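Here is a short briefing for a first look. Start with the display, then read the points by topic.

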Amino acid sequence: MTPDSRRRRLWLLGVVLAVSAPVALTAVLVAAGGVQARDYVFLYLGVVAALGVTLGLTPALVAAGTGFLLVDYYFVQPLHTLTIASREDVVNLVVFFSAAGVIGGLGSRRRRAQLRAEALAGELGDANRELERLGREQAEAAAVAVRLARTEQQVRLLEESDRVRREFLATVSHELRTPLAGVLTATTVLAGRPELPAPVRDDAASIAGQARRLSRLVGDMLDMARIEGNTLDLRLEAVDLGDAAVAAADRLHSHSPQRTVDVDVPPDTLVVADWDRLGQILDNLLLNADRFAPVQSSITVRAGEGARGMVVIRVVDRGGGIPAELRDHVFEHFVRGGDGGGTGLGLAIVRGLVEAHGGRAWVDEPEEGVGATIAVSLPAAPADAEPPP
Amino acid sequence: VSAPEERTAAVLVVEDDRVLREAVVAALESAGLQATAVGDGLAAVKALESAQYDVVLLDLGLPFVDGWRILGTLEGRRIPSVIVISARGEERDKVRALDMGADDYLAKPFGAEELLARVRAVLRRARPAAPDAPAVARCGAVEIDLAARVVRRDGVEVRLSPTEYVLLAELARSPGIVHDHRTLLRQVWGPTYAGELGYLRAFVHRLRIKLEEDAAHPEVIVTVGRQGYRFGPAAH
């Protein structure tokens, strides 16, 4: 029900009551019979007052008018006419009507005040509820702020532990490499002195070789620690895989000059990678192949499109292949196919680095049943990727 | 006074580890170079003030005065060439050292032959065996006198490190032609550097800061796709 229709119905009820209440009172008085009219005027005033208080000014005035006419008709001489004989009755009726008006007005004002009070009480209630809601929200916000502060604290702690770990790695690296540097430089100087006896120079050279091996092991262990501690710092960009493969082949060439490496990478094969880490992946794969394949055989680096926007890189050698019992373990720490002089971490680092790039590493079926093929996948970069500066 | 080509090159070794310092001095002397060694940053600053060196081998973690600060004070000098020797082994240290003006970066540990190869390479860049024929390359306000090895911008001489100069001259000798990364790396640094893209980027960045009006929109050293760089506008 709309407020308008309710008000209209209330008004209609008011008018009906304003007419029917004095009529009912008159009917009762007439039935009682023979009563002096002025003795009962106060009863009409009561009705008017009641209507004024409950329904407002208009019903009160209508009831007063109705009462005036009924009293005049039934109880004022001459009876059963709407004329008034005595001046005293005129005064009485006018006073009655005025008193009824005043009472009705006072009643309706009281009613209005009551309505206003009710409205105010309602508004107060609303305001209270709003305040409660705001209070609850504030409490929730405070709780969120506390949670946020705790999270921030945790993030700070994590950052701090990350920083400590990085510093620790840098310190370990520094502390291990500095004495190694002394050993390596000194022994290589000794090994290069022609005035020294040959056995001394040979010994110096083998000490130098061991120092290099230790140095590689330190480097690999630090990289493994970075991979496992998720503290790798990758600078990802679109890298031309062909460039990276040729650069890696060049580096292998300075390490084992007799080895031929065929790079079979389609032009403009771009991958999303960190240039230096991609170089390390390829270096480790090539060194691994170099270690296990006969010197005269060649190694092939091949690349092609893989599934789901990946580029698959395969490093193929023509050596003895991977023994069946090692196939599932080649990417694990310190699993070595023989004493090839490696650190035993090369392929574990390959897998760790490739996975940090969002790719995968696996052992492929040997091509034509010969040698070993190790494959890695890296995300392809769009052909129109921004070139480096 | 003998010409620089004729006298023995002087190398300052700044390294706080005594064993390594003595080993490096022995390696340099065995190759006929004149080596002076100091063990801390303060002594290094004093040595650099009092004498002229062709090459400084600079460790970064030094007592008293940090190696980074010494590197900062040497930036923009024609000599000495600076080879940073560091045991930190962090790739970003290398990039930072090259950005700050080092000519090369050698990670510890290294053998005598690697060390000597690097020292010879920076000496070769600082003292070319055959001087260029008289020629001047120009691009905008930049002018390169290839015979005198002098670079001017708006008529004012720009101080470049030997490696910066050699890279710029390599590009400027054939203006408008694309030089690919690997060839530049081989020609400027040497055959073992063909994959060291980081070196090329660091030095191009350094040259652009010194030469370009707006290093973000280079006109003197222009990036050409993914392959290489070009001096000035493309040749027709």
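Contact here means heavy atoms within 4.5 Å. By that rule B:K94 touches B:Y105, B:E196 and B:Y199, not counting residues up to four places away in sequence. This is a predicted model, where local features need pLDDT of at least 70, side-chain atom pairs count only at pLDDT 80 or more, and totals for chains, interfaces and linings use all residues. Residues are numbered from 1 along each chain as its sequence is written, chains are lettered from A and ligands numbered from 1 in the order in which they are written, and side-chain values use heavy atoms, with hydrogens and water left out.

**The interface of chain B and chain A**

- On one side 33 residues of chain B are in contact with 37 residues of chain A.
- The two chains bury about 2,900 Å² between them, and 53% of that is on carbon and sulfur atoms. Buried area is the accessible area (1.4 Å probe) that two parts lose on being put together, summed over both.
- B:P109, B:R201 and B:R226 supply 24% of the area that chain B buries against chain A, more than any other three residues.
- The size of an interface is often given as the accessible area lost when the parts come together.

**Pairs across the interface**

- Five salt bridges are found across the interface of chain B and chain A. A salt bridge is a side-chain nitrogen of Lys or Arg within 4 Å of a carboxyl oxygen of Asp or Glu.
- A:R212 and B:E113 join their side chains in a salt bridge, at 3.1 Å from N to O.
- Seven residue pairs are in polar contact between chain B and chain A, with both residues at pLDDT 80 or more. A polar contact is a pair of N or O atoms within 3.5 Å; within protein, one must be able to donate a hydrogen and the other to accept it, and residues adjacent in sequence count only if both atoms are side-chain atoms.

**The side of chain B that touches chain A**

- Helix 1 (18-30), helix 4 (91-99), helix 5 (112-126), helix 7 (181-188) and helix 8 (197-211) of chain B each give at least two residues to this side. Helices (H or I, at least four residues) and strands (E, at least two) are DSSP runs, numbered from the N terminus.
- Helix 1 of chain B has the largest share, six residues.
- By class, this side has 14 nonpolar, six polar and 13 charged residues. Ala, Val, Leu, Ile, Met, Phe, Trp, Tyr, Cys and Pro count as nonpolar, Asp, Glu, Lys and Arg as charged, and the others, Gly among them, as polar.

**Chain A**

- Chain A has eight helices and seven strands.
- Of its 389 residues, 37% count as buried. Buried means under 20% relative accessible area, exposed over 50%, partly exposed in between (1.4 Å probe, protein chains only).
- Among contacts in chain A between residues at least 6 apart in sequence, 70% join residues at least 24 apart.

- B:K94 is found in helix 4. B:K94 counts as buried because its relative accessibility is 14%.
- B:A172 lies in helix 6 and is buried at 2% relative accessibility. Leaving aside neighbours within four places in sequence, B:A172 is in contact with B:A137, B:I144 and B:F231.
- B:V158 sits in the loop between strand 9 (156-157) and helix 6 (162-172). B:V158 is buried, with a relative accessible area of 12%.
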